[in-house]
Amino acid sequence: MAGNNSGPRKPSGQLDGKKLDDVVAKAHKQRDTRLAGYREQSLKIHPWVCGRCGRSFTRENLHELTVHHKDHNHDNNPSDGSNWENLCVYCHDNEHQRFAYLVRGEGFMPEADKKKPATHNPFAGLRDKLKNR
């Protein structure tokens, strides 16, 4: 059951004009930094196509195209784009799921833990049983 705290938060008291100006200035600065970031650089360098499934993107759905770091290191951003590939949100999610399995060890079996091939034959002796019918 929702209490009295549900819904949008309302400011308590008067808004300080200086604080509001600071927040807006900070938002503009972050936007400018983001526009100079690796996503925008990758979108300029690489075609707007998912590197896995081949889906094409336009300005209308470009927000669904993400930049994936091939080595999974988000600090490795060479300006030539060699560590980036554009992936749709679905392929990007799949790539990170596969990587998480590998990191947790679910995608790797050491030699000692490898399963041995099956040696049991459920049909052994079937020919003899059918012969006696």
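Threonine 66 counts as buried because its relative accessibility is 16% (buried means under 20% relative accessible area, exposed over 50%, and partly exposed in between, with a 1.4 Å probe and protein chains only). The structure is a predicted model, in which local features need pLDDT of at least 70 and side-chain atom pairs count only at pLDDT 80 or more, whereas totals for chains, interfaces and linings use all residues. Residues are numbered from 1 along each chain as its sequence is written, and side-chain values use heavy atoms, with hydrogens and water left out.

Threonine 66 sits in strand β1, residues 65-69 (strands are DSSP runs of E with at least two residues, helices are runs of H or I with at least four, and both are numbered from the N terminus). Leaving aside residues up to four places away in sequence, threonine 66 touches Glu85, Asn86, Leu87, Cys88, Val89 and His92, a contact being heavy atoms within 4.5 Å. With histidine 92 there is also a polar contact between the two side chains, at 3.4 Å (a pair of N or O atoms within 3.5 Å; within protein, one must be able to donate a hydrogen and the other to accept it, and residues adjacent in sequence count only if both atoms are side-chain atoms).

The cover extends along the strand, as 5 of the 5 residues of β1 are buried. On one side these are Leu65, Val67 and His69, and on the other Thr66 and His68, so both faces are covered. The partner of β1 is the antiparallel strand β2 (residues 84-88), joined to β1 by 5 bridges; strands pair if DSSP finds at least two bridges between them. Within this pairing, histidine 68 stands opposite glutamate 85 of β2.

Turning to the whole chain, the secondary structure comprises 4 helices and 2 strands, in the sequence order α-α-β-β-α-α. Of the 133 residues, 17% are buried. Among contacts between residues at least 6 apart in sequence, 47% join residues at least 24 apart. The accessible surface comes to about 11,500 Å², and carbon and sulfur atoms hold 54% of it (Shrake-Rupley method with a 1.4 Å probe; for residues, only the protein chains shown count as cover).

The model contains 5 salt bridges, each defined as a side-chain nitrogen of Lys or Arg within 4 Å of a carboxyl oxygen of Asp or Glu. One of them joins arginine 52 to glutamate 95, with the closest N and O atoms 2.7 Å apart. This pair links distant parts of the chain, 43 residues apart: arginine 52 is in the loop between α2 (38-45) and β1, and glutamate 95 is in helix α3. Arginine 52 is partly exposed at 40% relative accessibility, whereas glutamate 95 is buried at 9%. Both belong to a network of salt bridges that links Arg52, Glu85, Glu95 and Arg98.

In helix α1 (residues 17-35), aspartate 22 and lysine 18 are about one helical turn apart because 4 residues separate them, and their side chains form a salt bridge at 3.4 Å, N to O. Another salt bridge joins arginine 55 and glutamate 64 at 2.5 Å, N to O.

A nonpolar surface patch is formed by Phe123, Leu126 and Leu130, with about 320 Å² of accessible area together (patches take residues with over 30% relative accessible area and no salt bridge, joining like charges within 9 Å and nonpolar side chains, namely Val, Leu, Ile, Met, Phe, Trp and Tyr, within 5 Å). Phenylalanine 123 lies in the loop between α3 (89-104) and α4 (126-131) and is exposed, at 58% relative accessibility.
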